[in-house]
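Trainee: I would like to learn how to read a structure with two chains. Please take me through some of its features one by one.

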Amino acid sequence: MNWLDTVKTGLDAIRSHRLRSGLTMLGILIGIAAVILTVGLGEGAQAQVRDQINSLGTNLLVVSPGSVTSGGIRGGFGSANTLTKADADALGSKMVAPDVAQVAPSTQSQGTLTVGSSNWTTSVVGTTPPWAAVRARKIDSGRFLTADDENTAAAVVVLGPTTSQQLFGAENPVGQTVTLNNVPLQVVGVLQSSGSSSGTANNDDTAVVPYSTAAQRLFGGNARTSVNAIYLSASSSGTLSAAYQEVQNELLNLHHITNSNNADFTITTQESLLTTANSVNKTLTVLLGGIAGISLLVGGIGVMNIMLVSVTERVREIGLRKALGARPRVIRRQFLVEASVLGLAGGILGALIGMIGSGVLPNFINSPVTLSPTATVGAIVIAIAIGLAFGVYPASRAARLAPIDALRTE
Amino acid sequence: MDLLGPYGSDHSSRQEVIRLERVSKVYRTGAFEVAALRDVDLTIHDGEFVAIAGPSGSGKSTLMHILGCLDVPTAGRYYLAGEDVSTMTEDDLAAVRNRRIGFVFQQFNLLPSLTALRNVELPLAYSGAPRHERHERAVRALGRVGLADRLEHRPGELSGGQQQRVAVARALVTEPALILADEPTGNLDSVSTRDVLGLLQDLHDSGRTVVLITHEHDVASAAGRVVNMLDGRVHQDADTVEVWTR
C-alpha cells in the first residue's frame, strides 16, 4: 500500500467520524490558536516598547549623575550633582569622542508658567539646540532653540503640546509671552507630540528654554554649572558601544576616577532600556506561552484518546485488513497518518483562528498583536508532531492486534 | 503414516496446496488448557473443493484459522503451496495471506465506507499493485461474480447475497492458490446460499482450490470431499457428504 492510499484511507476514516474528529481537532485548534496569539501579544508588546524607546531618540545615550563616595559613604543614584556643563562641552569635542554625533546637556526643574490669570506647573528643561535631534523631537509650529538663543541667554521658551494646550487652549502660542520665576519668556515654538511617555513623566508636558537662560536667569544655585543629564546620540547604531566607551573614558578622566566601578555617573543606552523592557515582556510571553503549551499537550492527549477509541472500535476492520494482507507496519502507518492529519487540520485551523484573532483582538484590548510567521509555521509543525507523538501508542496497539482476535470480535 | 490422506494416490500427480503434519493447537485461558486441534494430518491438492464440517467445538474454526495463516499452530508443520508457514514472521504471514489466500467470511467483512470496487481493490492495494491494474482486476473480479453494474455501490446499498458476492470477488482478485470460505452462507437466505455456493462451484470448476468451512450438511454436500472434524481430530475424510450423514 503506497502513501497516497494510506493518506486516502486515513482521510476516509476521519470523514466517517465527523463529530469525533471535529472535537479532537478542536483541542489542537484551541492550543495552536492560543500559542499564536500569546506569542503575537508578546511580540506586539515588545515591538511597542521598542517603538516607544526609539521615540526617545535614536542611538540615544543618557549620562545621569550617579553615586558619589565622600568620606567613605556612598551616596545613592542621583545623590550628587556630579555632571557639569563642562563635561557636556568636553564630550562635544570630536577629538575626545569621535563616535558621538550630538550632545545636549539638560538641567531640569519644576516651574510654574503664568499667562495672564492662568498658570501651569510643568517640568522646565534647560538645554542646548541639539536636544531636539538627540531626543527625536519635532517642532509643530514656530521654531526650536537656536545657537543664538543659547549664546545670548535669550528669554525664549518652546512649549510641549500639553503645556501649550493648558496655557493657551487651542490658540497658537507662538509670539505670546509666559512668565516663569518673574522672567517673561517669549514662546517661539511648540513641540510635536512625542506619542509616548517614559515612566511617570509626560514628554508632552514640558517647557524647553536655552541652557544658558535656565542656568543664569531662571534656576540659579547649583543649576548654574551642574546638569541633570547629558543626552548624546551616537553617530550610528553600530558605533553605539564605541560612543559608550568614549563617553565613559572621558568622564572618568575628567572626574579623576581610575576604577570604573567607582564612577559617579551612569550611562544608560537605549539597548539597556530595551533589554530591561524586553526581559519583562519575555517573562510574560514565556508564562502565557507555557499555558498555551499546556493546552496543546491536553489537545495531544485528546488525539491519543480518540485514536485509542478508534482502535477499539475498529478492531474488526483492522483484523480484516490484516487478513487481506496488511502488514503491521501498514496498519501502524494508517493510524499515524490519521492522527497526524487530525493534528495538521487542527493546526491549520488553529493558525487561521490565531491570524483572525490577531487582527480582531487589538480592537478589544489596547495592545498590538504581531503575527509571527515563525511561530505560525512552528505551531503547525508542532501540531503535526503532537498528532504523530500521541498517535504512536494507539497505532502500535492497532498494529499488534492478532488478526484472529480482531476478526472474532462481534 | 499416509500423509496424503485417502485420496492422495488419486492426486499424487497434482500439486499439494495444503499439507498439515501433526498440527496441534492449544489455547490457554488462565489455568485451563484447551486442545482445539490434536495431531491433525491433512493434505489438499490443487483444484480440490473440500468442505470442512463438524459441530461447533469440533475444532473446524481453529483449523480454518490455521489454514488461513491467521493463527499459527502450537506444534506440527503447515506447508502452504510448498512453503512452511508454521514458523513465519508476522510480516511474511501477511504477505502469504495477501498472495496465497482469498477469504470469504460469514459476516462478509466489507468496509462499509468503501464502494464495492474499492473493497475488492483492497488486497491489491496491500500487495502494491499499481492503481490502473488494481482497478482493472477488481472490475474483472466483480464482473465474474455478476456485479459489473454495482461497482460504485457501498455495502449498505447491497443485499446480503450481493455483499457476499463482493466478498468472493475480493477473495479471488489476487488469484490466490486457496479460497477459504468460513461459513459463507451462514447469514444468507436459501436463494442467496444457492447463489454463493454456485459461485464457489464455478471457481472450483475453473480450477481453483476451495476450502469451505460449514456445519450445514447440505452446504457441505456441494463439495467433492468432506473432512469431518470431531474433538479436534479428523473424524472422517470422504468424497461425499453421505458417508458421514448416514
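Trainee: How many residues of chain B are in contact with chain A?

Mentor: Two residues are in contact if their C-beta atoms, placed from the backbone, lie within 7 Å. By that rule 19 residues of chain B are in contact with 17 residues of chain A. Helices here are DSSP runs of H or I with at least four residues, strands are runs of E with at least two, and both are numbered from the N terminus. On the side of chain B that touches chain A, helix H2 (90-100) and helix H3 (116-127) of chain B each supply at least two residues. H2(B) gives the most, with six residues. That side of chain B divides into nine nonpolar, six polar and four charged residues; Ala, Val, Leu, Ile, Met, Phe, Trp, Tyr, Cys and Pro count as nonpolar, Asp, Glu, Lys and Arg as charged, and the others, Gly among them, as polar.

Trainee: Where do the numbers and letters come from, and what kind of model is this?

Mentor: Residues are numbered from 1 along each chain as its sequence is written, and chains are lettered from A and ligands numbered from 1 in the order in which they are written. This is a predicted model, in which local features need pLDDT of at least 70 and side-chain atom pairs count only at pLDDT 80 or more, while totals for chains, interfaces and linings use all residues.

Trainee: How many residues of H3(B) are buried?

Mentor: A residue is buried if 20 or more other C-beta atoms lie within 10 Å of its own, exposed if 12 or fewer, and partly exposed in between. H3(B) is mostly covered, with eleven of its twelve residues buried; among them are B:Leu117, B:Arg118 and B:Tyr126. The buried residues of H3(B) pack against helix H1 (3-16) and helix H11 (328-360) of chain A, and also against H2, helix H4 (131-144) and helix H5 (160-172) of chain B. Just after H3(B), B:Gly128 has a positive phi of about 85 degrees.

Trainee: Why does A:Asp205 count as partly exposed?

Mentor: A:Asp205 counts as partly exposed because it has 19 C-beta neighbours inside 10 Å. A:Asp205 sits in the loop between strand S11 (201-202) and strand S12 (206-210) of chain A. Leaving out residues up to four places away in sequence, A:Asp205 touches A:Thr122, A:Ser123, A:Gly160, A:Thr162 and A:Thr163.

Trainee: How do I read two packed helices?

Mentor: Two packed helices are described by the angle between their axes and the distance between the axes. Helix H2 (residues 18-55) of chain A and helix H9 (residues 270-313) of chain A pack at an angle of about 180 degrees, with their axes 8 Å apart. Axes are lines fitted to C-alpha atoms, for helices over the stretch in contact, and angles run from 0 to 180 degrees between N-to-C directions. H2(A) and H9(A) are therefore roughly antiparallel to each other, a label for angles over 145 degrees. The residues of this contact divide into 20 nonpolar, 15 polar and two charged.

Trainee: Which residues have the most contacts inside the largest nonpolar core?

Mentor: A nonpolar core is a set of buried Ala, Val, Leu, Ile, Met, Phe, Trp, Tyr and Cys residues joined through C-beta atoms within 7 Å. The largest has 124 residues, and those with the most contacts inside it are A:Ile32, B:Ile52 and B:Ala169. H2(A) gives the most to this core, with twelve residues.

Notes
Angles under 35 degrees count as roughly parallel, over 145 as roughly antiparallel, 65 to 115 as roughly perpendicular and the rest as oblique.
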